[in-house]
Amino acid sequence: MEIATSSESPPVVADAERLLERHLQNFLVSNIGASLDIPLKLMAAERVLKDVGRIDILAEGPLGSIWAIELKIGCASRDAVGQLSSYLGALLAEGIEARGILVASDFDASALAAVRAVPSIYCYTYAVGFSFEAVGERRIDHQEFELSLEPVGGAKPKWPDSFSV
């Protein structure tokens, strides 16, 4: 029996990655002027380049500079740098000199080596976080739920080795 292998993600993981990339793109589009080190103005949330692919975000920077932003979920490799470089080359063929920003959760050594050779590409990491806030005026009083054990007759309590519910 032959087992088929694939480097592609399982369908559920791939769907989750596409959804996360879409959320990341929406966040950057909504906060394009404040998210990165350069004040940008949105030109297009997506720009299709014939025979090359789709730029995730195209933006205009100070003095009319053009920026292509490529988003990667997870760790970016040299393939991502090559992809963004091809977008910059396609824009150059249209007479548009652009710089690139590669956004990923992390960058492997091959990506960082490739970026050193392409001075017009800048790398940024993102982080996803959660925060929790109570709704309304009702808050948990932690003192109400603290456990206080006083030894009886000077004896220390004996804790069981395990708990069962």
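Predicted model: local features only at pLDDT ≥ 70, side-chain atom pairs only at ≥ 80, totals over all residues.

Biologist: How many helices and strands does the chain have?

Modeller: Three helices and nine strands. Both are DSSP runs numbered from the N terminus, with helices being H or I of at least four residues and strands E of at least two. From the N terminus on, the order is α-β-β-β-β-β-β-α-β-β-α-β.

Biologist: And what share of the residues is buried?

Modeller: 26% of the 165 residues. Buried means under 20% relative accessible area, exposed over 50%, and partly exposed in between, with a 1.4 Å probe and protein chains only. The accessible surface of the chain is about 12,300 Å², and 55% of that belongs to carbon and sulfur atoms. Those areas come from the Shrake-Rupley method with a 1.4 Å probe; for residues, only the protein chains shown count as cover.

Biologist: Pockets next. What volume does the largest pocket have?

Modeller: About 400 Å³. A pocket here is an open set of points on a 1 Å grid over the protein atoms alone, where a 1.4 Å probe fits, with protein on both sides within 12 Å along at least five of seven lines; lining residues have an atom within 4 Å of a point. Points are joined across faces, edges and corners, and the volume is the space filled by probe spheres set on them.

Biologist: Which residues lie nearest its centre?

Modeller: Glu17, Glu21, Lys72, Ile73 and Gln83, out of 18 lining residues in the largest pocket. The elements giving two or more residues to that lining are α1 (11-30), β6 (75-76) and α2 (78-93). α1 gives the most, with six. By class, the lining has five nonpolar, four polar and nine charged residues. Ala, Val, Leu, Ile, Met, Phe, Trp, Tyr, Cys and Pro count as nonpolar, Asp, Glu, Lys and Arg as charged, and the others, Gly among them, as polar.

Biologist: What about the second largest pocket, and how do its lining residues divide?

Modeller: The lining of the second largest pocket has ten nonpolar, four polar and no charged residues. The space in this pocket is about 270 Å³. Of its 14 lining residues, Leu24, Phe27, Leu28, Tyr126 and Ala127 lie nearest the centre. α1 gives the most to this lining too, with five residues.

Biologist: Back to α2. Which of its residues are buried?

Modeller: Ala80, Val81, Leu84, Tyr87, Leu88, Ala90 and Leu91. In general, an α-helix has 3.6 residues a turn, so residues three or four places apart point the same way. Just after α2, glycine 95 takes a positive phi of about 85°.

Biologist: Where does aspartate 51 sit, and what is its phi?

Modeller: Aspartate 51 is in the loop between β2 (47-49) and β3 (53-55), with a positive phi of about 70° although it is not a glycine. Most residues other than glycine have a negative phi. Aspartate 51 counts as exposed, at 78% relative accessibility.

Biologist: And leucine 63, buried or exposed?

Modeller: Exposed, because leucine 63 has 91% relative accessibility. Leucine 63 lies in the loop between β4 (57-60) and β5 (66-71), and its phi is positive, about 60°.

Key:
Residues numbered from 1 in each chain as written. Heavy atoms only, no water.
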